[in-house]
Amino acid sequence: GGQISTSIKPSQAKLARKFGTRRAIAIRQEGETALDWIEDFITGEKIDCAFERCGRFHAAHSEAHFQTLAKDAEALSKFENIAVEIIPKADQKKELGSDLYHGGVVYPRHASVHPAKYHHGLLQLALEAGAHVVGQCRAERINKTSAGFEIQTTQGQVTCKQAVSYTPLTLPTLCRVYCRRLTPTSHNTL
């Protein structure tokens, strides 16, 4: 865990079919913007979480997979100005230290953090700012009010001006009304 990429899925082409080219470009650019933002945030708030722009190697499991990765990487470079380095199988040992895969692609701008240290840093910032944090407390219903939100939880009702929701891929039914404003992830990503 702890990898931070610029990836926003689906592809720019798929987004363009749904939202138009201009909006698709803007959506995809948010990945680059988010990576720069999180680096500035971690640095500015002095969160000790081993943030590093170490890059990421996306390995190909077959020759066909490598051809797909290489084609996609070339498109990212050409159309989205994303830095990529295509690594053929013959050169991957220098990058990865293994001949197990069939080449791959390096994304040199990608970064990593120590997830537990990042979480701890965020928690400390929230507590120092006066936030009330309750763990193991499921939200069962969220209602928008003129003053903010009323959230019914397993430990009672909370009234607040602003609320932050973090959720994995499957959004709970209580958030259906807000789904267009949430980004589901395929795993627990901070």
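Author: Let's start with burial: a residue is buried under 20% relative accessible area, exposed over 50%, and partly exposed in between (1.4 Å probe, protein chains only). This is a predicted model, where local features need pLDDT of at least 70 and side-chain atom pairs count only at pLDDT 80 or more, while totals for chains, interfaces and linings use all residues. Residues are numbered from 1 along each chain as its sequence is written, and side-chain values use heavy atoms, with hydrogens and water left out.

Reader: Where does α2 bend?

Author: At Gly31, by about 25°. That bend is the angle between axes fitted to the seven residues ending there and the seven starting there.

Reader: Which residues of α2 are buried, and what do they pack against?

Author: Here's the general idea: an α-helix has 3.6 residues a turn, so residues three or four places apart point the same way. In α2 the buried ones are Ala24, Arg28, Gly31, Glu32, Leu35, Ile38 and Ile42. They pack against β1 (3-4), α1 (12-19), α3 (63-80), β5 (111-112) and α5 (115-128).

Reader: What about phi? Which residue just after α2 takes a positive value?

Author: Lys46, at about 55°. Ala50 also has a positive phi, near 60°; this residue sits in the loop between α2 and β2 and is partly exposed at 49%. Gln136 is another case, with phi near 50°. You'll find Gln136 in the loop between α5 and β6 (139-145), and it is exposed, with 80% relative accessible area.

Reader: Is Gln92 buried or exposed? And which residues does it touch?

Author: Gln92 is part of helix α4 (residues 89-96), and at 0% relative accessibility it counts as buried. Contact means heavy atoms within 4.5 Å. Not counting residues up to four places away in sequence, Gln92 touches several residues, including Phe57, Ile87, Tyr101 and Gly103. A polar atom of its side chain lies 2.7 Å from the backbone nitrogen of Gly103.

Reader: What does Ser112 touch?

Author: Ser112 is in strand β5 and is buried, at 17%. With residues up to four places away in sequence left out, it touches Gly2, Gln3, Ile4, Ala50, Phe51, Glu52 and Cys54.

Reader: Last one: where is His61, and what does it touch?

Author: His61 is in the loop between β2 (56-59) and α3, and it counts as exposed at 59%. It touches Tyr101 and His102, again not counting residues up to four places away in sequence. His61 and Tyr101 are 40 residues apart along the chain, yet their C-alpha atoms are separated by 5.5 Å.

Note on methods: Helix = DSSP H or I, 4+ residues; strand = E, 2+ residues; numbered from the N terminus. Polar contact = N/O pair within 3.5 Å; in protein donor to acceptor, adjacent residues only side chain to side chain.
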